[in-house]
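Have the sequence and the 3D view open while you read.

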Amino acid sequence: MRRLPMTLSFLWAACASSAPQNATPADFSAVAQAERELDITQARAGDEDLPCVERGNAGARASAAAERICTLADERPDADLTRRCEAARLLSTQAVALAERGCTEPSEASP
């Protein structure tokens, strides 16, 4: 009889630990930092005065920043984080496109 409460406690703890955690102030701080990085890297990706390699690296860093935001949004049930993930993905896609503009090699089929 004594084992039953301990078993139930163990099962409750196991279920509780697998439930998604609510977003914390630290999560929002991390998202804000990634958003700042995304803004900076997007600007660098579109800077036509920079070499193509640097612009490409900026596009890759923008994608990584967006991925950090979306990872938090996936782990935490919060509508604001989900919205910020969607916006970050859009911005990172734009950054990659900006980085590629004028930097891609022309195809052999083009005159």
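There are 7 salt bridges in this structure; a salt bridge here is a side-chain nitrogen of Lys or Arg within 4 Å of a carboxyl oxygen of Asp or Glu. The idea behind them is simple: side chains of opposite charge can pair when their charged atoms come close.

Some ground rules before the details. You're looking at a predicted model, where local features need pLDDT of at least 70 and side-chain atom pairs count only at pLDDT 80 or more, while totals for chains, interfaces and linings use all residues. Residues are numbered from 1 along each chain as its sequence is written, and side-chain values use heavy atoms, with hydrogens and water left out.

- Arg84 and Glu35 pair up through their side chains in a salt bridge, 2.7 Å from N to O.
- That pair links distant parts of the chain, with Arg84 in helix α4 (residues 79–100) and Glu35 in helix α2 (residues 25–45), 49 residues apart. Helices are DSSP runs (H or I, at least four residues), and they are numbered from the N terminus.
- Arg84 is buried at 15% relative accessible area, whereas Glu35 is partly exposed at 23%. For these words, buried means under 20% relative accessible area, exposed means over 50%, and partly exposed is in between (1.4 Å probe, protein chains only).
- Glu48 and Arg101 make another salt bridge, and their closest N and O atoms are 3.4 Å apart.
- Glu48 sits in the loop between α2 and α3 (52–75) and Arg101 in the segment after α4, so this pair ties together parts that are 53 residues apart in sequence.
- Glu48 is exposed, with a relative accessible area of 52%, and Arg101 is partly exposed at 46%.

- An α-helix has 3.6 residues a turn, so residues three or four places apart point the same way.
- Arg83 is partly exposed at 48% relative accessibility, and Asp80 is partly exposed at 27%.

**A closer look at α4**

- α4 has 22 residues and reaches 32 Å from its first C-alpha to its last, close to the 32 Å expected at 1.5 Å a residue. That expected span is 1.5 Å times one less than the number of residues.
- Its buried residues are Leu81, Arg84, Cys85, Ala88, Ser92, Ala95 and Ala99.
- These residues cover an arc of only 105 degrees around the axis, so they sit on the same side of α4; the arc is that of the directions from the helix axis to the C-beta atoms.
- On the face turned away from that buried side, you'll find the exposed residues Ala79, Glu86 and Thr93.
- The cover over the buried residues of α4 includes α2 and α3.

**What surrounds Glu35**

- Not counting residues up to four places away in sequence, Glu35 touches Ile69 and Arg84; contact means heavy atoms within 4.5 Å.
- Glu35 and Ala66 are 31 residues apart in sequence and 7.6 Å apart in space, C-alpha to C-alpha.

Terms used: Helix = DSSP H or I, 4+ residues; strand = E, 2+ residues; numbered from the N terminus.
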